[in-house]
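Please keep the viewer open as you read.

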Amino acid sequence: MSGVWPRPAGDPGGRDTAGAPLRSDDLSGDRRSGGEYPSALEASGPDASGPETSGHELAGRDRAADPGQAGLGQAGEGLPGEGRRRRGRGGQGRSGQGWGAQGWGAQGKGGRDGHGPAGPALPGPAVSGLASSGLASSGPASSGHAVTGHDRQAAARIERGPAHPLYAALDLGTNNCRLLIARPEERGFKVVDAYSRIVRLGEGVGASRRLSDAAMERAIEALDSCQRKLAERGVLRARLIATEACRAADNGPDFIERVRRETGLALEIVNRETEARLAVAGCASLVDRDAEGVLLFDIGGGSSEIVWLDLRNRGSARGYALTRFIRAWTSLPVGVVNLAERHGGMHVSPEIFEAMVGDVAAHLDSFAVGTALGEAIAAGRVHMLGTSGTVTTLAGVHFGLRRYDRRRVDGAWLADEDVSAMIEKLRGMSYDERVGNPCIGADRADLVLAGCAILEAIRRRWSCSRLRVADRGLREGILTELMSADGVWSRGSRPHRGQKGKT
């Protein structure tokens, strides 16, 4: 699936007028939990959005509040006991209310993109609100599970209240379930909590067209953990989305309804155009300020999005404003999970790797952008921007990291020859060697070469001299859109104080 944004008269950048809002389901996991992001208003470059300013670590207070986030180099697992399902909590504990698509309440009417419960639409680009989300109304006591002394102590240490409005973004992808909770800052936002777990929700969907019972169970356990974090943090505004696995599966909408019943979370299944736009919104601050174009790609678990930003007439536009300059986009129905399932991901011979590249290349043939993109690349003012775990893995291996370090990776530049060398290095590793590499690990060792094959197909189609690595994407795009819709970065305005899910 692909598209070209219509270009209104007088707008050389091609403003999005399609009406629909515009995942990243990567291999790198979420090894972070606290820190600051540059604002969507910030320029790119080392001074604004390079590794030194965009990395985040837990402050001592956050580590004390959430022991599950204290482990270095690991995804946050939340509070102890979250891995055990608390059955029977959803419908009884929340009386059918939905937390997510448009906030709290038993709305039960057609959700955004045609899925899930939702209330009245909010102004702005696909935003959603949460109301009454403090401990008094939606904390552990009201969520249907026992409140332990540890829960109370942890919740007491978490800053909340009108002076500290919190936003959240949840992305349930084909491979991962991820959550970010952040607070607006003057020039961006600060991540105060994060969660990531590999659930492989899309396992087998390519062959069966259905989400398996085991995959749905894994996903609901992870979502249950996310619900606790949202409640304990007192989040006021959130958007919770599901992507390709739920789009492709015949029972995807039924699963979304099951999630609402069992966890109280109202997820929306977003379309591919929405994924493409959110990827741009999440990574826009990493665009080179002198670039005349960017080829952005997001290699996911079940699909891969590619976006061409035509910046030749952008003027002084930067950051989030660059979403107006999307010239064309496409969404390929191939990602690391379904490509590895079709061709094999553990033991990848040169022949198998080339077969995977050819599989992806056949889909790329449908992305018709004429000669303009090739001409812009030939002029040398276009760079690639990769938001996927494939490129974060390549960067980690390139830097020889003993442990994945987002501060070293996010915003890093790789020359074309470095990318080629790293792909060859990974191809030369055995499965056991990939398992032992600290930037890959057992959970991703069977997927990383499929990601390399997708990247190689893109590089063979369009050859850019530089690639910028982004350990950010869909969730950051969601947070940026929510905060922008609320005007938190508008000149002379301040973040909303104590807004309770305004609709």
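Predicted model: local features only at pLDDT ≥ 70, side-chain atom pairs only at ≥ 80, totals over all residues.

As general background, nonpolar side chains in soluble globular proteins tend to be buried together.

Leaving aside residues up to four places away in sequence, Leu 426 touches Thr 393, Leu 394, Val 397, Arg 434, Ile 440, Val 448, Leu 449 and Cys 452.

**The chain as a whole**

The chain has 503 residues, and 62% of them count as buried. Its secondary structure comes to 20 helices and 17 strands. The accessible surface is about 17700 Å², with 49% of that belonging to carbon and sulfur atoms.

How many of the seven residues of β12 are buried? Seven of the seven are, so the strand is largely enclosed by the rest of the structure. In a regular strand, side chains alternate between the two faces of the sheet. For β12 both faces are covered: Gly 293, Leu 295, Phe 297 and Ile 299 are buried on one side, and Val 294, Leu 296 and Asp 298 are buried on the other.

Strand β12 pairs with β13 (residues 304–310) in the antiparallel sense over seven bridges, and a hairpin of four residues joins the two. Within that pairing, Val 294 stands opposite Leu 309. With β15 (residues 382–386), β12 pairs in the parallel sense over five bridges, and there Gly 293 stands opposite Val 382.

Gly 301 sits in the loop between β12 and β13. The C-alpha atom of Gly 301 is 9.6 Å from that of Ala 340, a residue 39 places away along the chain.

**Helix α12**

Ala 340 leads us to helix α12 (residues 336–343), whose buried residues are Val 336, Val 337, Asn 338, Leu 339 and Ala 340. Their cover includes β12 (293–299), α13 (350–364), α15 (389–398) and α19. Just after the helix, Gly 344 takes a positive phi of about 95°.

**Another strand pair**

Strand β8 (residues 188–198) is mostly covered, with nine of its 11 residues buried. Strand β7 (residues 176–185) runs antiparallel to β8, and 10 bridges join them. A hairpin of two residues connects β7 to β8, and Leu 179 has Tyr 195 in β8 as its bridge partner.

**Buried residues worth a look**

Several individual residues are listed here with their relative accessible areas.

| Residue | Relative accessible area |
|---|---|
| Cys 283 | 0% |
| Gly 301 | 0% |
| Asn 437 | 15% |
| Cys 464 | 5% |
| Asp 486 | 11% |

Is Asn 437 buried or exposed? Asn 437 counts as buried because its relative accessibility is 15%, and the cut-off for buried is under 20%. Asn 437 is found in the loop between α18 (431–436) and α19. The side chain of Asn 437 reaches the backbone nitrogen of Cys 439 at 2.8 Å. Beyond residues up to four places away in sequence, Asn 437 touches Val 397 and Met 429.

Asp 486 lies in the segment after α20 (474–485). Which side chain does the side chain of Asp 486 make a polar contact with? The partner is Tyr 167, at 2.6 Å.

**Cysteines**

Cys 283 is buried at 0% relative accessible area, and Cys 464 is buried at 5%. A disulfide is a covalent bond between the sulfur atoms of two cysteines. How many disulfides does the model contain, taking a pair of cysteine sulfur atoms within 2.5 Å as the rule? The count comes to zero.

Notes
Residues numbered from 1 in each chain as written. Heavy atoms only, no water. Disulfide = S-S within 2.5 Å. Buried < 20%, exposed > 50% of the residue type's maximum accessible area, 1.4 Å probe, protein only. Areas by Shrake-Rupley, 256 points an atom, 1.4 Å probe, with all protein chains shown as cover. Contact = heavy atoms within 4.5 Å. Polar contact = N/O pair within 3.5 Å; in protein donor to acceptor, adjacent residues only side chain to side chain. Pairing = 2+ DSSP bridges.
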